[in-house]
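Trainee: I would like to learn how to read salt bridges from the coordinates of a model, and I would be glad to work through a case.

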Amino acid sequence: MIKIVVDSASDITKEEALEKKVDVLPIEITLGSKIYVEGENITRDAFYEMMLSQKDFAKTSLVSPQKFVEYFEEQMKQHNEVIYIGLSSKLSGTFNSANLAKQELKSENIYLVDSLSASYAIKILVDIALQMIKSGKTAEEIFNFLEKLKKKIKIYACLDTLEYLKRGGRITSTVAFLGELVNLKPIITINQEGKIEVVSKALGRTRGMANILKLLDKSKASNQYPKYILYSYGNVNCDQFEQKLLKNQYEMNGKLQIGPTIGAHIGPEAFGVVYVEE
């Protein structure tokens with residue numbers, strides 16, 4: 001049997017994971033003096049509401065090598081092959097933890113896919129892997145296909161505020177202040193190296209939406225795979241963006257909420273898209 005496992009930066013909900021029989025290893029979130037695990041002691045909306053009401057920056061911890069060793073050993077006892085599809089190794093040490101665990105166990109039945117991305121880019125890879133399992137593909141065949149496909153997944157998001165980039169130390173207070181002064185809305189992506197990159201800057205959210213549409217037009221989304229609208233917290237920007245997409249003949253496969261692991265860095269009212277390019 002082939003088991004698919006992800007970390008919680010995949011934003012796959014507890015309900016979806018149970019339905020699809022996908023295992024999720026939690027990335028803990030520290031806010032203030034408390035530690036939270038999404039789906040266990042905090043919901044996504046509750047997390048964002050707490051984040052808005054506190055000045056502390058929400059910190060995330062990696063999944064430890066020992067957690068991976070324990071998980072992999074349990075699957076080995078059941079004679080399962082494992083495909084782990086993880087958060088970009090350039091954004092967290094979690095993928096390295098999985099790699100260390102595999103090296104310790106010296107198993108050829110553990111396949112590690114560094115998504116070089118996050119959030120619903122991982123969900124797309126998971127859903128494709130599950131389809132391939134149903135069609136009778138081997139773990140090695142699935143791994144090789146995902147390694148190629150992951151390079152074609154694009155994710156773009158427009159940030160409504162610079163506050164959380166400032167809190168996370170990614171920009172200075174001065175840059176954040178000046179940006180808010182002119183209503184600057186950066187468009188971010190996760191590039192081919194798996195790092196967060198600002199691809200454009202817009203003055204106002206309307207231009208931000210237009211910039212994402214230009215990126216969509218340029219790279220041409222494949223109709224063979226799903227396309228999703230993404231949002232963090234609050235539906236105003238997301239709903240406006242959805243209308244613009246429909247007006248420009250982009251039919252999407254749903255709206256999905258970004259979870260705490262990535263949401264801590266982008267803040268409320270962020271919106272964007274994830275898709276596979278042709």
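Mentor: We go through the salt bridges of this predicted model, pair by pair.

Trainee: How many salt bridges does a search of the whole structure find?

Mentor: The general idea is to look for a side-chain nitrogen of Lys or Arg within 4 Å of a carboxyl oxygen of Asp or Glu. Applied to the whole structure, that search finds 13 salt bridges; one of the pairs is K20 with D127, whose closest N and O atoms are 2.8 Å apart.

Trainee: Which parts does the pair of K20 and D127 tie together?

Mentor: K20 lies in helix α1, residues 14-20, and D127 in helix α5, residues 120-134, so the pair ties together parts that are 107 residues apart in sequence.

Trainee: Are E38 and R44, which form another salt bridge, buried or partly exposed?

Mentor: E38 is partly exposed, with a relative accessible area of 24%, while R44 counts as buried at 9% relative accessibility; the closest N and O atoms of this pair are 2.4 Å apart.

Trainee: What is the N to O distance in the salt bridge of E147 and K150?

Mentor: Their side chains meet at 3.2 Å, N to O. E147 is partly exposed, with a relative accessible area of 23%, and K150 is buried, since its relative accessibility of 11% falls under the 20% cut-off.

Methods
Residues are numbered from 1 along each chain as its sequence is written. This is a predicted model: local features need pLDDT of at least 70, side-chain atom pairs count only at pLDDT 80 or more; totals for chains, interfaces and linings use all residues. Side-chain values use heavy atoms; hydrogens and water are left out. Helices (H or I, at least four residues) and strands (E, at least two) are DSSP runs, numbered from the N terminus. Buried means under 20% relative accessible area, exposed over 50%, partly exposed in between (1.4 Å probe, protein chains only).
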